[in-house]
Amino acid sequence: MCTSVLISASGRNRPLQATGNHSTRKARLAILLSGRGSNMVALVQAVQHGVLSGLAEVAVVFSNKPDAPGLETAAALGCLTASLSSQGRKRAEFDAEVVELLRQYQPDYVVLAGYMRILSPTFIRAFAGRILNIHPADTHQHQGLHAYEWAFENQLPETKITVHLVDEGLDTGPILAQHPVDLQGAGTLAEVEQRGLAVEHFLYADTLARLIRGELPRRTPETAGTAVVSVHTPEPLLPSATGSSPHGEAAGG
Ligand code: GRF
């Protein structure tokens with residue numbers, strides 16, 4: 001099932017111009033998820049009364065799984081939601097439909113928050129340089145699924161949450177921000193994940209806020225290489241909204 005709403009002229013047609021530290025309108029976010037959506041919750045809360053307030057608005061929360069718990073949570077938070085089932089669909093064909101759907105919401109940024117799909121070039125090119133992902137490890141050290149399991153099984157004393165732009169590789173896009181997570185003494189995978197998610201929840205919103213304010217150098221996946229743009233240590237923004245479902249990872253980057 002797909003729910004879609006056409007937006008008015010107040011949307012993305014107007015330029016998102018930086019004037020000093022301010023832009024003329026709020027950046028429109030399309031948040032994509034496939035599961036519980038704890039990062040989506042943190043982002044929506046940041047938009048409603050946190051670091052993204054006045055800077056961004058949630059244009060839509062989209063899922064490739066119509067029954068994703070995160071969709072219901074998003075609706076309860078007052079967000080427009082949309083879904084298209086990816087089950088049994090060919091990647092490029094499905095992504096072309098998602099691109100068409102998302103374009104109706106005129107997003108400035110596509111924010112992957114546990115979106116369990118590898119994105120096709122069709123999708124990446126449609127929103128080139130404007131797709132963000134959060135990865136529960138340093139993407140130079142670990143790519144793909146199960147990053148918390150990897151950290152736990154290898155008894156790492158620390159992992160690094162990474163926010164990066166998405167390019168056509170798997171977790172190879174330019175890094176926008178990283179923040180360490182102390183894993184010493186974490187005796188279970190659940191503890192590792194809980195500590196990591198607490199960092200994810202403030203880092204994603206904080207990084208987006210700095211990107212929108214123009215505080216991060218402008219980079220595109222094509223030109224950026226993989227250098228870390230900045231490492232920031234903000235105070236946690238919100239109480240973490242962790243869920244108990246298994247860890248999911250945005251396969252798109
Ligand atoms: C997070 O660990 C995120 O880093 C990864 O997928 C997970 C999504 O969790 N990409 P949630 O759905 O946001 O709770």
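Two strands are taken to pair if DSSP finds at least two bridges between them. Helices (H or I, at least four residues) and strands (E, at least two) are DSSP runs, numbered from the N terminus. The model is predicted: local features need pLDDT of at least 70, side-chain atom pairs count only at pLDDT 80 or more, and totals for chains, interfaces and linings use all residues. Residue numbers start from 1 along each chain as its sequence is written.

Strand β3 spans residues 27-33. β3 pairs with β4 (residues 56-63) in the parallel sense, over 7 bridges. Here Ala30 stands opposite Val60. β3 also pairs with β6 (residues 109-112), again in the parallel sense, over 4 bridges. Ile31 stands opposite Val111 of β6. Together with helix α1 (residues 38-49), β3 and β4 make a right-handed β-α-β unit; with the strands pointing away from the viewer, the path from the first strand over the helix to the second runs clockwise.

The loop between β5 (81-83) and α3 (91-103) holds Leu84. Leu84 is partly exposed because 19 other C-beta atoms lie within 10 Å. Its C-alpha atom is separated by 7.4 Å from that of Val98, 14 residues apart along the chain.

An unreviewed UniProt entry annotates a "binding site" that includes Leu119 and Asn133; such annotations may be inferred rather than shown by experiment, and positions follow the numbering used here, with feature names shortened. Leu119 lies in the loop between β6 and α4 (121-126). Leu119 counts as buried because it has 27 C-beta neighbours inside 10 Å. Asn133 is found in β7 (residues 131-135). Asn133 is buried, with 27 C-beta neighbours inside 10 Å.

Conventions. A residue is buried if 20 or more other C-beta atoms lie within 10 Å of its own, exposed if 12 or fewer, and partly exposed in between; C-beta atoms are placed from the backbone.
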